[in-house]
Amino acid sequence: MATYYVGTGGNNASAGTSWGTRWLTLTKAASVVAAGDTVYCQGTFRETLTLTTSGTAGNVISLIGDYTGAFT
């Protein structure tokens, strides 16, 4: 289980594992996440998101809109 970050000013070539190394797009996150992972997102995204990996009943994939900045 991993935690990733996506937001304005990010770079899809980065690790995505902290706010300082955040990704730019949700598409990048969707290509990496696995069951049990969490993605904190801050910003406005105009892209089509397709998850090709499934979570499980005990290990869901969570995308959380961090509008307050509490996690990023």
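1. A polar contact is a pair of N or O atoms within 3.5 Å, where, within protein, one atom must be able to donate a hydrogen and the other to accept it, and residues adjacent in sequence count only if both atoms are side-chain atoms. The side chain of D66 reaches the backbone nitrogen of A70 at 3.1 Å, and the D66 side chain also reaches the backbone nitrogen of F71, at 3.0 Å.

2. This is a predicted model, in which local features need pLDDT of at least 70 and side-chain atom pairs count only at pLDDT 80 or more, while totals for chains, interfaces and linings use all residues. Residues are numbered from 1 along each chain as its sequence is written, and side-chain values use heavy atoms, with hydrogens and water left out.

3. D66 lies in the segment that follows β3 (62–65), and, leaving aside residues up to four places away in sequence, D66 touches C41, Q42, F71 and T72 (contact means heavy atoms within 4.5 Å).

4. Along the sequence the protein chain follows the pattern β-α-β-β, that is, one helix and three strands (DSSP runs, H or I of at least four residues for helices and E of at least two for strands, numbered from the N terminus).

5. The C-alpha trace of the protein chain spans about 30 × 25 × 20 Å along its principal axes. Among contacts in the protein chain between residues at least 6 apart in sequence, 40% join residues at least 24 apart.
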